[in-house]
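Subject: Handover of a structure and the findings on it

Dear colleague,

Please find below the structure that I am handing over to you. My notes on it follow directly after.

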Amino acid sequence: MTILEIVKHPSPILTTPCEEVTVFDKKLGTLLDDMHETMMENDGVGIAAPQIGKSIRVAIVDFDEEQDVIEMINPVVTATGGSEVDVEGCLSFPGLFGEVERPFFVRIEAQERDGKLYELEAEGYEARAILHEIDHLNGILFDKKIQRIVDPSEFEEEEDDE
């Protein structure tokens, strides 16, 4: 597997809506594996294809070893509900963290690496990560949704409180 370079803001590929994936082959599988490896190497929770220079509708979310990696190809949001504000960061914006309002619940339809359609529901942090990555595929960046920039030192204070 290969660690790929992360595309940083303000690269125009990050704000360009991505093309639908129509070919489900070994090359796509390799890309997904490389994206996952790149995301893990950079301590990310999610990564979208434009962040590695590919303008296609492919994104990954991986929370921990307890769950399977969520590979989203051509994802479509079919339902959302509720709302919550929480802190987000982004691999394409090193050092930038901000409070972003997103739906608490999301349901999506997407395809797996073999093209098979699946449906997924998520809440809270998982829904947030999925929606953040789908935004990338639509050329929408989280910096435009930030309500308040959060200084990284605030994270250290929160950890001290626990």
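I begin with the pairing of β3 and β6, which run antiparallel and are joined by 6 bridges. Strands here are DSSP runs of E with at least two residues, helices are DSSP runs of H or I with at least four residues, and both are numbered from the N terminus. Two strands count as paired if DSSP finds at least two bridges between them. Within this pair, Ile 73 stands opposite Gln 111 in β6.

Please note that this is a predicted model, in which local features need pLDDT of at least 70 and side-chain atom pairs count only at pLDDT 80 or more, while totals for chains, interfaces and linings use all residues. Residues are numbered from 1 along each chain as its sequence is written, and side-chain values use heavy atoms, with hydrogens and water left out.

The sheet

The two strands belong to an open sheet of 5 strands, ordered β1-β2-β3-β6-β7, with antiparallel pairing. β1 (46-48) and β7 are the edge strands; each has a single partner, so one side of each is left without a neighbour in the sheet. From one strand to the next, the twist averages 35°. In general, strands of a sheet pair through backbone hydrogen bonds, either parallel or antiparallel.

β2 and β3 are joined in the antiparallel sense by 4 bridges, and Val 61 stands opposite Ile 70 in β3. Between β6 and β7, also antiparallel, there are 7 bridges. Here Ala 110 is opposite Tyr 118 in β7. Helix α1 (residues 26-41) packs on the sheet and touches β1, β2 and β3; its direction makes about 45° with that of β2. Such angles run from 0 to 180 degrees between N-to-C directions, with axes fitted as lines to C-alpha atoms, for helices over the stretch in contact.

The nonpolar cores

A nonpolar core is a set of buried Ala, Val, Leu, Ile, Met, Phe, Trp, Tyr and Cys residues joined through side-chain atoms within 4.5 Å. Buried means under 20% relative accessible area, exposed means over 50%, and partly exposed lies in between (1.4 Å probe, protein chains only). The largest such core has 18 residues, of which Val 61, Ile 70, Met 72, Val 106, Ile 108, Tyr 118 and Ile 130 touch the most other members. Two or more residues each come from β2 (58-61), β3 (70-81), β6 (105-111), β7 (117-123) and α2. The largest share, 6 residues, is given by α2. Another core, of 14 residues, lies apart from this one and includes Met 39, Ile 47, Ile 52 and Val 58.

Leu 32 is found in helix α1 and counts as buried because its relative accessibility is 0%. Beyond four places in sequence, Leu 32 touches Val 58, Ile 60, Glu 71, Ile 73 and Arg 113.

His 136 lies in helix α2 (residues 124-137). Is His 136 buried or exposed? At 1% relative accessibility, His 136 counts as buried. Leaving aside neighbours within four places in sequence, the contacts of His 136 are Leu 14, Cys 18, Ala 48, Pro 50, Gln 51, Cys 90 and Leu 141.

Glu 84 belongs to strand β4 (residues 84-89) and is partly exposed, with a relative accessible area of 23%. Among the contacts of Glu 84, again leaving aside neighbours within four places, are Val 100, Arg 102, Phe 104, Tyr 125 and Arg 128. Glu 84 and Leu 28 are 56 residues apart in sequence and 34 Å apart in space, C-alpha to C-alpha.

The protein as a whole

The protein has 3 helices and 8 strands, which follow the pattern α-β-β-β-β-β-β-β-α-β-α along the sequence. Its C-alpha trace spans about 50 × 35 × 30 Å along the principal axes. Of the 162 residues, 41% are buried. Among contacts with a separation of 6 or more, 67% join residues 24 or more positions apart.

Yours sincerely

Notes. Contact = heavy atoms within 4.5 Å.
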